[in-house]
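Trainee: I would like to learn how to read a model like this one, element by element. Could you take me through it, giving the general idea before each case?

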Amino acid sequence: MQGGYQPKNGEPREVPIVQSTTFAYENSSQMGDLFDLKASGYFYSRLQNPTLDNVAAKICELEGGSAAMLTASGMAAAFFSIFNIAEAGSHVVAVSTIYGGTFNLLSTTLPKMGVECTFVSPNASDEEIAAAFRPTTKCVFGETIANPALVVLDIERWAKAAHVHGVPLIVDNTFATPVNCRPIEWGADIVIHSTTKYMDGHGVAVGGAIVDGGTFDWMAHKDKFPGLTEPDPSYHGLVYAQAFGQGGAYITKATVQLMRDLGAIQSPQNAFYLNLGLESLHVRMAQHCKNGQAVAEALAANERVEWVRYPGLPTDPYFELGKKYLPQGSCGVVSVGIAGGREAAEKFLGNLKIFRIETHVADARSCALHPASSTHRQLSDEELIGAGITPNTVRLSCGIEGTQDLVADVEQALAAL
């Protein structure tokens, strides 16, 4: 909670908002050293800003990483995390149940840039996972808890597969947050977040974050990652892995190269809001998990429900993995299949009173969504099934309201069908 910003005597207790695009210096040589990465400091907020760095440092400490950066959105974090080590001709292995937006990034957008992706079921055998790799594979991508399928990733297993093939494992830890799971401790190398969700927690600021665990040895796989291990002509031949070490090379390159050229920076104001959310994250996640468990149990006992997905249910296929990776609870999100198909699912949503229909999730206020007609609308029926979604799937995001109020809301909404 108190990581990152550490005020000195007489300085502001709260992280200051440095709302400035640029920074002044006394002579041009000082500025030149900054541009050449020979000195640390700030010269333009598109690359770095003190407010963002303070908040990123807090997230880095929460995840147990070596370096971190903020981005304009969770999707920017996903893109940067992959494109920082991939280029035209590269290949990615991804778990098929990932969030629809990330699925589209990997299946549609990145191929236009020459980066191909093979999607693999989270339940694939070791042999099937191994068969997905190519000589050009640069990383493996998965989610701690899939959105909205709520598949719990066997992080150790996927990390082992990635490392056998000499590539890092990138894990989106948005739903679990570092309060409930720290993927780096289980073998992940890079962790990303849509900070828009639980980290913010109040629906006020879009943002993302990337954390490097400092665990992957880029120089040991020099030929596979030339962007980190060979000279960068845009910085006078600087080699990131040599200049900034195993724990700093990845984030430094993403900052001074990708952020420099693509500019998906988070605003200082949004970073300030994010920091406020981080300060209560550990308290809110406990209530989210309590509410999610209670709502899941109530849905599982209702005859108007075909199925419920929630890692905290003993009947859930990911219950055992949940106990291993998420012993303190998973999240407040519950996926449910309403008996009666798509029409019944949409009626159920209309009957809810506390849960509001929103294109949002992981908020202090409860919300609900029909993924097949919204976040995953672009996916074919076959792709929907691969992502763990059916036409009658409803995603419920339990906020931090009273537990019994939320249980009563879903029960009345079902009774009114």
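Mentor: We begin with what counts as an element: helices (H or I, at least four residues) and strands (E, at least two) are DSSP runs, numbered from the N terminus. Please keep in mind throughout that this is a predicted model.

Trainee: What distance separates the end C-alpha atoms of helix α2, and what span should its residues give?

Mentor: Helix α2 covers residues 50–63, and because each residue contributes 1.5 Å, its 14 residues should span 20 Å, which agrees with the 20 Å between its end C-alpha atoms.

Trainee: Which residues of α2 are buried, and what covers them?

Mentor: The general idea is that an α-helix has 3.6 residues a turn, so residues three or four places apart point the same way. In α2 the buried residues are Pro50, Thr51, Leu52, Val55, Ala56, Lys58, Ile59, Cys60 and Glu63. Their cover includes the strands β1 (67–71), β6 and β7 (208–212), together with the helices α7 (177–180) and α11 (268–278).

Trainee: Do β5 and β6 run parallel or antiparallel, and what about β6 and β7?

Mentor: Strands of a sheet pair through backbone hydrogen bonds, either parallel or antiparallel. Here β5 and β6 (residues 190–194) run parallel and are joined by 3 bridges, with Val191 in β6 as the bridge partner of Val171. By contrast, β6 and β7 pair in the antiparallel sense over 5 bridges, and His193 stands opposite Ala209 in β7. On the side of strand β4 (residues 137–143), the pairing with β5 is parallel over 4 bridges, and Val140 stands opposite Leu169. Between β4 and β5 the chain passes through helix α6 (residues 155–164), in a β-α-β crossover that is right-handed.

Trainee: In what order do the strands of the open sheet lie?

Mentor: That open sheet has 5 strands in the order β8-β9-β12-β11-β10, and its pairing is mixed. At its edges are β8 (305–309) and β10 (356–357), each of which pairs on one side only. Strand β9 (residues 333–338) pairs with strand β12 (residues 393–397) in the antiparallel sense over 5 bridges, and Ser335 has Arg395 in β12 as its bridge partner.

Trainee: Finally, which residues have the most contacts inside the largest nonpolar core?

Mentor: They are Leu299 and Leu396, in a core of 127 residues. Beyond its neighbours within four places in sequence, Leu396 is in contact with residues including Val295, Leu299, Val334, Phe348 and Val410.

How values were computed:
Residues numbered from 1 in each chain as written. Predicted model: local features only at pLDDT ≥ 70, side-chain atom pairs only at ≥ 80, totals over all residues. Heavy atoms only, no water. Pairing = 2+ DSSP bridges. Right-handed = clockwise from strand over helix to strand, strands pointing away. Expected span 1.5 Å × (residues − 1). Buried < 20%, exposed > 50% of the residue type's maximum accessible area, 1.4 Å probe, protein only. Contact = heavy atoms within 4.5 Å. Core = buried A, V, L, I, M, F, W, Y, C linked by side-chain atoms within 4.5 Å.
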